Amino acid sequence: YPWRGLMLDVARHFFDVGQVKNLLSIMSMHKLNVLHLHLSDDQGWRVQVRGKPELTIVGARRGPSLNNPAGDENGERIY
């Protein structure tokens with residue numbers, strides 16, 4: 001198969017560098033050739049990019065959602 005891969009959900013779960021390197025070794029052993037990193041989830045952006053501070057400033061906030069229709073006291077959720 002030309003595409004044999006694995007998705008790593010770093011948006012919801014934290015993995016340290018050692019764990020990711022170990023996963024890459026296991027992927028290599030099983031001849032997997034694609035690593036899909038799930039970096040953001042829902043409407044939020046939680047990865048700091050120094051050249052683009054607006055991503056973190058705006059992406060850390062969102063309006064009401066189905067999970068929490070009320071949001072916080074200003075109608076926003078802050079992470």
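Visitor: How much accessible surface does the protein have, and what share belongs to carbon and sulfur atoms?
Guide: This is a predicted model, where local features need pLDDT of at least 70, side-chain atom pairs count only at pLDDT 80 or more, and totals for chains, interfaces and linings use all residues. Residues are numbered from 1 along each chain as its sequence is written, and side-chain values use heavy atoms, leaving out hydrogens and water. Accessible areas come from the Shrake-Rupley method with a 1.4 Å probe; for residues, only the protein chains shown count as cover. The accessible surface comes to about 6400 Å², and the share of carbon and sulfur atoms is 58%.

Visitor: In which sense do strand 1 and strand 2 pair?
Guide: Pairing requires at least two DSSP bridges between two strands. Strand 1 covers residues 5-8 and strand 2 residues 34-37, with 4 bridges between them. Leu8 stands opposite Leu37 in strand 2. The sense of the pairing is parallel.

Visitor: Is Asp9 buried or exposed?
Guide: Asp9 lies in the loop between strand 1 and helix 1. Buried means under 20% relative accessible area, exposed over 50%, partly exposed in between (1.4 Å probe, protein chains only). At 13%, Asp9 is buried.

Visitor: Which residues does Asp9 contact, leaving aside neighbours within four places in sequence?
Guide: Contact means heavy atoms within 4.5 Å. Asp9 and His38 are 29 residues apart in sequence, yet their C-alpha atoms are 4.7 Å apart. The contacts of Asp9 are Phe15 and His38.

Visitor: What is phi of Lys31 near?
Guide: Lys31 sits in the loop between helix 1 and strand 2. Lys31 counts as exposed, at 67% relative accessibility. Most residues other than glycine have a negative phi. Phi of Lys31 is positive, near 60 degrees.
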